[in-house]
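The sequence and structure come first.

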Amino acid sequence: MSQQTARRGGAAWALVITSVAGFMAALDNLVVTTALPSIREDLGGALHDLEWTVSAYTLTFAVLLMFGAALGDRFGRRRLFIAGLAVFTGASAAAAMAPGIDSLIAARAIQGAGAAVMMPLTLTLLTAAVPAAKRGMAYGIWGAVNGLAVASGPLVGGTLTEHISWQWIFWLNVPLGLALLPLARLRLAESRGTGAPLDIPGTLLASGGLFGIVYGLVRGPVDGWTGSLVLTGLFAGTALLAGFVLYSTRAKNPMLPMRLFRSRAFSGINAASLLMFLGMFGSIFLLSQYMQGVLGYSPTEAGLRMLPWTGMPMLVAPIAGILADRIGGRPVVAAGLFLQALGLGYMSVVATADASYTAQLPALIVSGIGMALYFAPAAHLVMSSVRPQEQGIASGANNALREVGGALGIAVMASIFAAQGGYESGQAFVDGMRPALVTGSAVVGLAGIAALLIPTRRRTERQTAPAEPAPVLETASH
């Protein structure tokens, strides 16, 4: 077989393997949301336990994302991708068999760690396998599959929960993972990065800091905001993150070079991404429970009714991409964030204990259009805000901040919900959800303001002319 034929075959296989792996990792962010009432009924647990069922995954995913990419660059991307996929698949089986809420949370945390190693390497393995002229199309397919996972997460979770059992939202990953493992071993070429040493101190500082802050936010409503463990988590977490920033400004090979944040474009899109996910994930967490617990929809019905919001990116994203090409990404992203904020604010007004779906529909559609306008141009804004050789670091940092925003959003929204309402009755739930949605709307509005700080396309393009990505060092595939 000629090298060119092998490369074509390798590119097709790489696209299939990395897209399916990315689908699994992205799906598990939101697939649990519509299953939460069933999990609570089956395994018990309080509000903060439900938060950790979602947050344990997003937090370990976020904390280890850049470290997973660095491990792949150092020890071999295919090798670490296979290891991450194996951990993710095994943890999915453990989550499906969890006898209690604590063991489910532990399995979700391990799942997130496996996804953190696997997910960033999907893009680097795809880049190594696909010729430069075809990378745009390959990234488009990869991105569409990941978008489909985000859109279908609540629906897949609701359908499996209602018609089989909530355990099947985790069992679903096992046959997919077992099929991908030998394919990855046989069909992906091994590649490595520059071989820069791992940033162990930076990873420990960032991981400890993020864990402390989210732990404090989750436990605050339960233990009281003046509880010793809550205050320790919040203050120690803040101190560790401050130490991470200080360390990263002086380290020779930091996990996240702080000089990147001197770019107004890089700082603006990352601030917008963190705030967007904070408002969005926290709102979806509560709205999926509201539709089932208060309005009485089945898990499948709740998932279908969320589709005007979660599924809109599949329809609007191509239009958003065309708009971004013509007028630049900044106004498209900012408009999307302001529409998302408007949708959440509108939902907080119309949500009642007996609200009709017709009353909610405009809010869901506006939020969905807003989310679609954000997603399409955001990745390009991230990549164009840095030099070509820094695009891997920039992508990892943006994904990590988005995941952290999601984990913090669930913690913050649930804290506001618990302070103002509860599960005692439909009215009590609405009383807690309304101020949480208002907060979500305000946070996403701030994200829109952050997006307006991004320089115009012409200025950004002058700073970062497009170029070939940094070469990878390929080794034998076996």
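Which helix gives the most to the nonpolar patch? The model discussed here is predicted, and in this model α17 contributes the most to that patch, with 3 residues.

## Nonpolar surface patch

The patch is made of Phe338, Leu446, Ile449 and Leu452. Together these four side chains belong to residues with about 360 Å² of accessible area, and the patch lies on the surface.

The relative accessible area of Ile449 is 47%, so Ile449 is classed as partly exposed rather than exposed, because the exposed class begins over 50%.

## Overall composition

The secondary structure of the protein chain consists of 18 helices and 2 strands. The chain has 478 residues, and 55% of them count as buried. Its accessible surface is about 19200 Å², with 67% belonging to carbon and sulfur atoms.

Contacts in the chain can also be sorted by sequence separation. Taking contacts between residues at least 6 apart in sequence, 84% join residues at least 24 apart.

## Aromatic pairs

How many aromatic pairs does the structure hold? There are 3 aromatic pairs in the structure. In one of them, the ring centres of Phe261 and Phe266 are 5.0 Å apart and the planes meet at 70°, so this pair is edge-to-face; the class applies because the angle is over 60 degrees. Phe261 is partly exposed, at a relative accessible area of 30%, whereas Phe266 is buried, at 0%.

Tyr290 and Phe429 form a stacked pair, because their planes are at 20° with the ring centres 6.5 Å apart. Tyr290 belongs to helix α11 (residues 264-294) and Phe429 to helix α17 (residues 426-452), so the pair ties together parts that are 139 residues apart in sequence. Both partners are buried: Tyr290 has a relative accessible area of 0%, and Phe429 has 3%. Ring pairs also bring in Phe417, which is linked with Tyr290 and Phe429 into a cluster.

## A charge over two rings

Which rings does the charged end of Arg305 sit over? One is the ring of Tyr297, with the charged end of Arg305 4.2 Å from its centre. The other is the ring of Tyr357, where the distance from the charged end of Arg305 to the ring centre is 5.4 Å.

With a relative accessible area of 0%, Gly432 is buried. Apart from neighbours within four places in sequence, Gly432 is in contact with Ile416, Phe417, Gln420 and Gly421. Gly432 and Ile416 are 16 residues apart along the chain, and their C-alpha atoms are separated by 6.9 Å.

Gln340 is placed in helix α14 (residues 329-350). Is Gln340 buried or exposed? Gln340 counts as buried, since its relative accessibility is 0%, and the buried class means under 20%. When neighbours within four places in sequence are left aside, Gln340 is in contact with Met276, Met280, Trp309, Val366, Ser367, Gly370, Met371 and Val444.

Thr53 is part of helix α3 (residues 47-75) and is buried, with a relative accessible area of 0%. What does Thr53 touch, not counting residues up to four places away in sequence? The residues are Val32, Leu36, Ile39, Ile101, Leu104, Ile105 and Arg108.

Helix α5 (residues 101-129) contains Leu126. The relative accessibility of Leu126 is 0%, so Leu126 counts as buried. Leu126 and Ser19 are 107 residues apart in sequence, while their C-alpha atoms are 9.1 Å apart in space.

Key. Residues are numbered from 1 along each chain as its sequence is written. This is a predicted model: local features need pLDDT of at least 70, side-chain atom pairs count only at pLDDT 80 or more; totals for chains, interfaces and linings use all residues. Side-chain values use heavy atoms; hydrogens and water are left out. Rings of Phe, Tyr and Trp (its six-membered ring) pair if their centres lie within 6.5 Å; planes under 30 degrees apart count as stacked, over 60 as edge-to-face and the rest as tilted. Buried means under 20% relative accessible area, exposed over 50%, partly exposed in between (1.4 Å probe, protein chains only). Helices (H or I, at least four residues) and strands (E, at least two) are DSSP runs, numbered from the N terminus. A charge sits over a ring if NZ of Lys or CZ of Arg is within 6 Å of the ring centre and within 35 degrees of the ring normal. Contact means heavy atoms within 4.5 Å. Accessible areas come from the Shrake-Rupley method with a 1.4 Å probe; for residues, only the protein chains shown count as cover. Patches are made of residues with over 30% relative accessible area and no salt bridge: like charges are joined within 9 Å, nonpolar side chains (Val, Leu, Ile, Met, Phe, Trp, Tyr) within 5 Å.
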